[in-house]
Amino acid sequence: MWLPLFFLAGIAAPATVAAIQSSNSLGYSDGHESSFQAYCNSFKAKINVPNANVYSVTYVPAGVNISMADNPAICRRGDDSITSTFAFCRIALNVTTSSKSQIFMEAWLPSNYSGRFLSTGNGGLGGCIQYSDMAYAAGYGFATVGTNNGHFGDTGVYFYQNPEVLEDFAYRALHTGVAVGKELTRSFYFQGYRKSYYLGCSTGGRQGWKSVQMFPDDFDGVVAGAPAFNFINLINWGARFLTLTGNSSAETFVTDAQWRAVHNEIIKQCDSLDGAVDGIIENPDLCQPIIETLLCNATQSSPSDTCLTGAQVQTVNGVFSPTYGVDGSFLYPRMQPGSELAAYYIYYGGTPFAYATDWYRYVVFNDTEWDAATWTLKDAAIANAQDPYQISTWESNLTPFQKKGGKVLHYHGMEDPIISSDNSKVYYKRVADTMNLSPSELDSFYRFFPISGMGHCANGDGASAIGQGSGTFAGNSPEDNVLLAMVQWVEEGIAPDFVRGTKLNGSAAEYRRKHCKYPTRNRYVGPGPSTDENAWECG
């Protein structure tokens, strides 16, 4: 559930954003033509936000390295490499959410303001502002906010015996940040904002969906990637893998080298199902691998890097099987095949899934010594019965969001090694069944795009750059950029029928591929090579 941070020395997009900045008439709330720098420097005295302590208001000119001196070390993942490509007013503040909790947040108010507001999300178990997403959105002229989700660090330790911090994490931090951010935006720019947007992936994807479900008026457009919804069962699913693999000395344990053999066999069996042999499984739904083909034969006295014992085959089959509860109820889908090389280091390496350990220690049992090796389906039932603050984010009646005219663009990588993309498909079907809407009817406000060859939120073997962040920028056309596609959908009524991804090699594009709107499937029809986007069609 960690959202990778994609930092660049400078973000390439903002220099050519005429498509989004169609009516940039910058105006400050004092109504005169004072310089942006002077206005920013004077703004602190004008901030009047309840329950807030303004930490700093700083003018940041274009072309400088953005200081992260106040960002805790636990949250630094290359932050110091962000260079501003635009001038902005940077506001940092703490906002009290209860007698036992508060959030830290920042608002970046750009000089190239486009009249739009945007909130970013988080990753993992909290607790670090996604500065790369803030820079990406603010570079397009969005007044942009981000919070630490109620605590600093990618850890659940702060949930221990403090339900207020947990409530911040579940929903309150983001919603509070949006309310404060909108007030700051209205105060800073005399025209306020025209439309409100959200951009997030992983935990950020869950946060976006929580807003759609719980606060339908917060956003006009939501871009939610690889969502960590069905959250409690995502935790349970992660905990279950250790019970399948055992530790590295168990007879059920499958080594890294053997998983590579499994991956090669899966590609051998499933790659061509989409019509092209290109090393990418376009639609994992069609892939039902027969792992028994890797069973060691009678002449092999022991397993090797290229063959598996019966116990090891059962482990692999368990990975590619859904998780059911003690009463036989469905909890979580299988891991989609094709992700195993990266997933080994997260789930299959014979050690506990860190997020599951934290959740059970600091939330479910309030026992800091709880041992992940003892997890059972009975524990899953206990966790599901709790579901504090409905953090599962699994509500499927989206009528209020639909009626207010909101739009949601949901994407998920088909090689995601952390959150099974099958879970997004389960949710889409839940929404359709609950609302009694066909896909063509859902299209009016909810569109889901499976992205072949994408890992967790980005990267992977395929055309995974869809403009979901600074490291995935591939152009300013809405077809190549999900953020701009959302703006076009909300403000011009032009909904995306596909999302075009780019396979990047550094900053160069190797090839592009159009990713289909669910539930249609992409298939190779030729006559050109598989790297020709026109050689594929949705159907």
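1. The lining of the second largest cavity is made up of H263, I267, G279, I280, I281, P284, P337, G338, M414, E415 and D461. Please keep in mind while looking at these residues that the model is a predicted one.

2. Sorted by class, the residues that line this second largest cavity comprise six nonpolar, three polar and two charged ones. The space inside the second largest cavity comes to about 50 Å³, and the structure as a whole holds six cavities of 30 Å³ or more.

3. Turning to the division of the chain, domain 1 covers residues 36-193, while domain 2 covers residues 234-389. The C-alpha centres of domain 1 and domain 2 are 37 Å apart, and the contact between them involves 15 residues of domain 1 and eleven residues of domain 2.

4. How much area do domain 1 and domain 2 bury between them? The computed figure is about 1,000 Å², of which 71% lies on carbon and sulfur atoms. On the side of domain 1, L125, Y160 and L166 supply 44% of the area buried against domain 2, which is more than any other three residues supply.

5. As for the polar side of this interface, five residue pairs are found in polar contact across domain 1 and domain 2, with both residues of each pair at pLDDT 80 or more. The residues of domain 1 that touch domain 2 consist of nine nonpolar, four polar and two charged ones, and the count of salt bridges between domain 1 and domain 2 is zero.

Definitions and conventions:
Residues are numbered from 1 along each chain as its sequence is written. This is a predicted model: local features need pLDDT of at least 70, side-chain atom pairs count only at pLDDT 80 or more; totals for chains, interfaces and linings use all residues. Side-chain values use heavy atoms; hydrogens and water are left out. Domain bounds come from an automatic or database domain assignment. Contact means heavy atoms within 4.5 Å. Buried area is the accessible area (1.4 Å probe) that two parts lose on being put together, summed over both. A salt bridge is a side-chain nitrogen of Lys or Arg within 4 Å of a carboxyl oxygen of Asp or Glu. A polar contact is a pair of N or O atoms within 3.5 Å; within protein, one must be able to donate a hydrogen and the other to accept it, and residues adjacent in sequence count only if both atoms are side-chain atoms. Ala, Val, Leu, Ile, Met, Phe, Trp, Tyr, Cys and Pro count as nonpolar, Asp, Glu, Lys and Arg as charged, and the others, Gly among them, as polar. On a 1 Å grid over the protein atoms alone, a cavity is a set of points where a 1.4 Å probe fits but cannot get out, and a pocket is an open set with protein on both sides within 12 Å along at least five of seven lines; lining residues have an atom within 4 Å of a point. Grid points are joined across faces, edges and corners, and a volume is the space filled by probe spheres set on the points.
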